[in-house]
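Here is a short briefing on charge pairs and nonpolar packing. Keep the sequence and the 3D view open as you read.

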Amino acid sequence: MNYYNEIKNKLIDDGVYSKVKDYSKERHTLITYYEVGKLLLEAGSAYGEDIIGNYSDKLTVEVDKKYNPRTLRRMRQLYQFFDKQKWSSLVDQIIN
C-alpha cells in the first residue's frame, strides 16, 4: 500500500467535496481526518515515526500549506482517541 498517495488523495478529495457540498463539509472532514489519522498510524508503524514530517513536506507543497506536521499529528491523535473508546457505535454513526 502506498500510504502517501492514499493520504494525498483523501485530502484532495475532501477539498473538492467540501467545495461542492458545504452542508456536509464538517461531517466529511471529520471522517477524512479520522481515516487519514488511521493511515498515518499504520504508515508510522511500517516506516517509522518520521513519516509525518516526510508526508507533511510533500503535502504542504502538493495539496495545501495547512497539512504541517502538527496538523497531521492531530489527525493521528483523533484516530487514536476514537479508536480507544468503548463507544465505537458513535464512530460508526459519524462515518456512516
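The notes below cover salt bridges first, then the nonpolar core. The model is predicted. Its count of salt bridges comes to two. Its largest nonpolar core has 15 residues.

**Salt bridge Lys8–Glu62**
- The side chains of Lys8 and Glu62 form a salt bridge, with an N to O distance of 2.7 Å.
- Lys8 sits in helix H1 (residues 3–20) and Glu62 in helix H3 (residues 51–62), so this pair ties together parts 54 residues apart in sequence.
- Lys8 is partly exposed, at 21% relative accessibility.
- Glu62 is also partly exposed, with a relative accessible area of 41%.

**Salt bridge Glu35–Lys10**
- Glu35 pairs with Lys10 in a salt bridge; their closest N and O atoms are 3.1 Å apart.
- This pair links distant parts of the chain: Glu35 is in helix H2 (residues 25–47) and Lys10 is in helix H1, 25 residues apart.
- Glu35 counts as partly exposed, at 27% relative accessibility.
- Lys10 counts as partly exposed, at 26%.

- In soluble globular proteins, nonpolar side chains tend to be buried together.
- Within the largest core, the residues with the most contacts are Ile7, Leu11, Leu40, Tyr55, Leu59, Leu72 and Met75.
- Each of H1, H2, H3 and helix H4 (69–84) supplies at least two residues of this core.
- Leaving out residues up to four places away in sequence, Leu11 touches Thr32, Tyr33, Val36, Leu59, Val63, Tyr67 and Met75.

Definitions and conventions. Residues numbered from 1 in each chain as written. Predicted model: local features only at pLDDT ≥ 70, side-chain atom pairs only at ≥ 80, totals over all residues. Heavy atoms only, no water. Salt bridge = Lys/Arg side-chain N within 4 Å of Asp/Glu carboxyl O. Helix = DSSP H or I, 4+ residues; strand = E, 2+ residues; numbered from the N terminus. Buried < 20%, exposed > 50% of the residue type's maximum accessible area, 1.4 Å probe, protein only. Core = buried A, V, L, I, M, F, W, Y, C linked by side-chain atoms within 4.5 Å. Contact = heavy atoms within 4.5 Å.
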